[in-house]
Amino acid sequence: MNKLSIFFKKDLLHELAHYNTDRTLLNYYDRIDNIINSYNLEELIKLSDDFESHFKNKLPFDFSLYESKLIKQFKLIVKGIESLFKRNEDIKKTQNIFIKSLKYTKQDFKLDTFKNFNYNLFEIRILLLIAITFKRDKSYQKSNKILKFILTTLNFDSETLLNEKKLIIKVFSNISYNYHHIDAHKNALKYANNGIKYCREQDIMYALNHLYYRKGIAEYFLGENEETYKDSLNKAIHILEIKGYDELANKYKEITKNRYNIELN
């Protein structure tokens with residue numbers, strides 16, 4: 001297993017531990033990814049109810065100590081995401097929920113030393129959520145510090161599982177958006193382009209609309225000609241329409257008109 005880990009560039013002994021866990025738990029993490037991306041509170045509540053229903057009739061000795069920690073961790077992640085969706089919640093309190101959840105599997109975890117730990121994909125998700133809380137608190141540099149670290153931990157090989165590919169794309173998008181907030185538009189464009197390049201290489205449309213939108217807005221602020229930035233922004237709209245998100249596409253158009261005085265097709 002150690003030799004295979006070197007070949008695949010992944011700690012297979014670490015990965016194997018997660019496949020001893022109830023497979024349903026892994027499916028719940030897949031659902032969490034989609035909820036984070038769509039900010040759908042209704043779906044989050046449904047997931048929470050499903051999760052409680054699935055595990056409520058199982059006895060403590062049905063699980064290993066490690067599995068029990070994962071279940072408690074997941075419940076806290078759901079609580080934290082619900083708090084994140086509520087814009088009037090204390091963002092520091094929300095951040096502490098995610099930190100507490102991470103400590104179930106990283107007992108000595110501290111934000112000041114987050115680079116000193118090795119993370120699995122579950123834990124990387126939580127680290128991403130912590131970065132989002134920093135963004136919500138307008139601490140964009142702190143957010144990007146975590147997000148850039150996450151990029152160094154992820155596997156960019158073509159055989160990587162889809163969940164990890166989605167995580168990579170999500171991180172590129174968030175870094176670009178953070179740079180937008182501090183008017184670092186060259187960097188915003190750089191990370192948007194990196195994300196788009198990765199999506200094309202992997203033949204994935206996931207979050208591609210976010211990346212093209214960030215690309216277009218960065219081009220707009222960098223003084224690119226109208227044809228260039230409108231092409232990027234319209235691609236973002238068309239991707240939403242292709243995916244059937246017509247209402248969201250119209251909202252994008254409205255925001256772009258009101259905020260930047262840019263008319264989109």
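Is Lys253 buried, partly exposed or exposed, and at what relative accessibility? Lys253 counts as partly exposed, with 22% relative accessibility; here buried means under 20% relative accessible area, exposed over 50%, and partly exposed in between (1.4 Å probe, protein chains only). This is a predicted model, in which local features need pLDDT of at least 70 and side-chain atom pairs count only at pLDDT 80 or more, while totals for chains, interfaces and linings use all residues. Residues are numbered from 1 along each chain as its sequence is written, and side-chain values use heavy atoms, with hydrogens and water left out.

**Figure 1. The whole protein, with 13 helices and zero strands.** Helices (H or I, at least four residues) and strands (E, at least two) are DSSP runs, numbered from the N terminus. Of the 265 residues, 48% count as buried. Contact means heavy atoms within 4.5 Å, and among contacts with a separation of 6 or more, 60% join residues 24 or more positions apart.

**Figure 2. Helix α4 and its buried face.** The expected span is 1.5 Å times one less than the number of residues. Look for Leu44, Leu47, Phe51 and Phe55, which are buried in α4. Seen down the helix axis, the buried residues fall within an arc of 60°, so they line one face of α4; the arc is that of the directions from the helix axis to the C-beta atoms. An α-helix has 3.6 residues a turn, so residues three or four places apart point the same way.

**Figure 3. Phe109 in the largest nonpolar core.** A nonpolar core is a set of buried Ala, Val, Leu, Ile, Met, Phe, Trp, Tyr and Cys residues joined through side-chain atoms within 4.5 Å. The largest one has 74 residues, and those with the most contacts inside it are Phe109, Tyr119, Leu127, Ile130 and Ile150. Helix α7 (residues 121–136) gives this core its largest share, 10 residues. Leaving aside neighbours within four places in sequence, the contacts of Phe109 include Ile99, Leu102, Phe114, Tyr119, Leu127 and Ile130.

**Figure 4. Helix α11 and its cover.** With 14 residues (208–221), α11 reaches 20 Å from its first C-alpha to its last, close to the 20 Å expected. Since 11 of its 14 residues are buried, α11 is largely enclosed by the rest of the structure. Among the buried residues are Tyr212, Tyr213, Arg214, Lys215 and Glu219. Their cover includes α9 (162–181), α10, α12 and α13. After α11 comes Gly223, with a positive phi near 80°.

Figure 5. Lys253 and Glu241 meet in one of them (3.6 Å, N to O). Glu241 is partly exposed, at 32% relative accessibility. Turn next to Lys197 and Glu201, whose closest N and O atoms are 2.6 Å apart.

Key
Salt bridge = Lys/Arg side-chain N within 4 Å of Asp/Glu carboxyl O.
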